[in-house]
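Here is a short report on one protein chain.

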Amino acid sequence: MTSSYTINRSKRRRHLALKVQHGELVVQAPWHMSEQTILQFVEQKREWVERHLSRQQQQLGRLQRRQWQTGERLRWLSEPLQLVVEHASRKQVTRQGAQLIATMTPRSHADREPRLSIVAWYKQQAHVWLDEFFAQWPEQHGLNPSGWSVGDFRSKWGHCTRQGELKFTWKLWIAPEWVVRNVVIHELCHLREFNHSRAFWQLVERHSPNFQDAEVWLRKHGITVLNADYLDYQV
Ligand SMILES: [Zn+2]
């Protein structure tokens, strides 16, 4: 049952909230709430928790835990790429057709490489993708960011700062291209509407008519795509 969970306490939080994330239950609680009150709350929500936990665990169970070894499947814009790890005198990552070849040097740390070089490859490719996207994005839409970057988030796809800068996680580019476009447009719309109001969603719909399908995709596959131990999804 749900006997194990992590409690995240916050001084700003007023109410209890439950979150099932990466196949685990996380309780967000106010700073001074007693363990007993939290336990009672979790017990009350037992059915909801179990339903979500088992769904997530099933989804994770259908995929292989990532080992970063030859033969594993990666994805670029949903297209499968077979990982090949080789040894050479120079460290590099190159894509050749449906293969992504990561070379390691004798001085590489076998347990950290090739993960680090592959993540760097994704970030770089994603940046190229974004540069091309924004080169084609019509200025007259009036949604023009002050800059964009690709980094890493644990549980979200993108972010728009008050300064008008857009940030994305490299993991987004594991998803199909129509989903990626949608996330970028979503963040762009925050330049005008810094909220999730009705006006915001209307603006999103104007620039991305299939945004609802994309939202469904992200909610469904985010569980495994954003999870650093999996970084993949089952169609
Ligand atoms: Zn948003």
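The protein has six helices and 10 strands. The model is predicted. Its C-alpha atoms fill a box of roughly 60 × 50 × 30 Å along the principal axes. Of the 235 residues, 45% are buried. The accessible surface is about 13800 Å², and carbon and sulfur atoms account for 45% of that area. Among contacts between residues at least 6 apart in sequence, 46% join residues at least 24 apart.

**Helix H5**

H5 spans residues 198-207, and its buried residues include Phe200, Leu203, Val204 and His207. These four lie on the same side of H5, because they cover an arc of only 100° around the axis. That buried set packs against helix H4 (177-189) and helix H6 (211-225). Arg198 and Arg206 are exposed on the other side of H5.

**A buried loop residue**

Thr105 sits in the loop between strand S7 (99-104) and helix H3 (115-136). Its relative accessibility is 16%. The cut-off for buried is under 20%, so Thr105 counts as buried. Leaving out residues up to four places away in sequence, Thr105 touches Ala88, Ser89, Arg90 and Lys91.

**Charges and salt bridges**

There are 33 positive and 23 negative side chains, and the centres of the two sets lie 5 Å apart. Side chains of opposite charge can pair when their charged atoms come close. The structure holds eight salt bridges. Three of them are among those tabulated here.

| Salt bridge | N to O distance |
|---|---|
| Glu43 and Arg46 | 3.0 Å |
| Arg65 and Asp229 | 2.8 Å |
| Lys171 and Asp152 | 3.2 Å |

Glu43 is partly exposed at 36% relative accessibility.

Arg65 and Asp229 form a salt bridge between their side chains. Arg65 is in the loop between helix H2 (46-61) and strand S4 (73-76), and Asp229 is in the segment after H6, so the pair ties together parts 164 residues apart in sequence. Arg65 is partly exposed at 47% relative accessibility. Asp229 is partly exposed at 33%.

What does the Lys171 and Asp152 pair link? It joins distant parts of the chain, 19 residues apart. Lys171 lies in the loop between strand S10 (165-169) and H4, and Asp152 in the loop between strand S8 (147-151) and strand S9 (158-160). Lys171 is buried, at 4% relative accessibility. Asp152, with a relative accessible area of 45%, is partly exposed.

Note on methods: Residues are numbered from 1 along each chain as its sequence is written. This is a predicted model: local features need pLDDT of at least 70, side-chain atom pairs count only at pLDDT 80 or more; totals for chains, interfaces and linings use all residues. Side-chain values use heavy atoms; hydrogens and water are left out. Helices (H or I, at least four residues) and strands (E, at least two) are DSSP runs, numbered from the N terminus. Buried means under 20% relative accessible area, exposed over 50%, partly exposed in between (1.4 Å probe, protein chains only). Contact means heavy atoms within 4.5 Å. Accessible areas come from the Shrake-Rupley method with a 1.4 Å probe; for residues, only the protein chains shown count as cover. Lys and Arg count as positive and Asp and Glu as negative; His and the chain ends are not counted. The place of a charge is taken as NZ of Lys, CZ of Arg, CG of Asp or CD of Glu. The arc is that of the directions from the helix axis to the C-beta atoms. A salt bridge is a side-chain nitrogen of Lys or Arg within 4 Å of a carboxyl oxygen of Asp or Glu.
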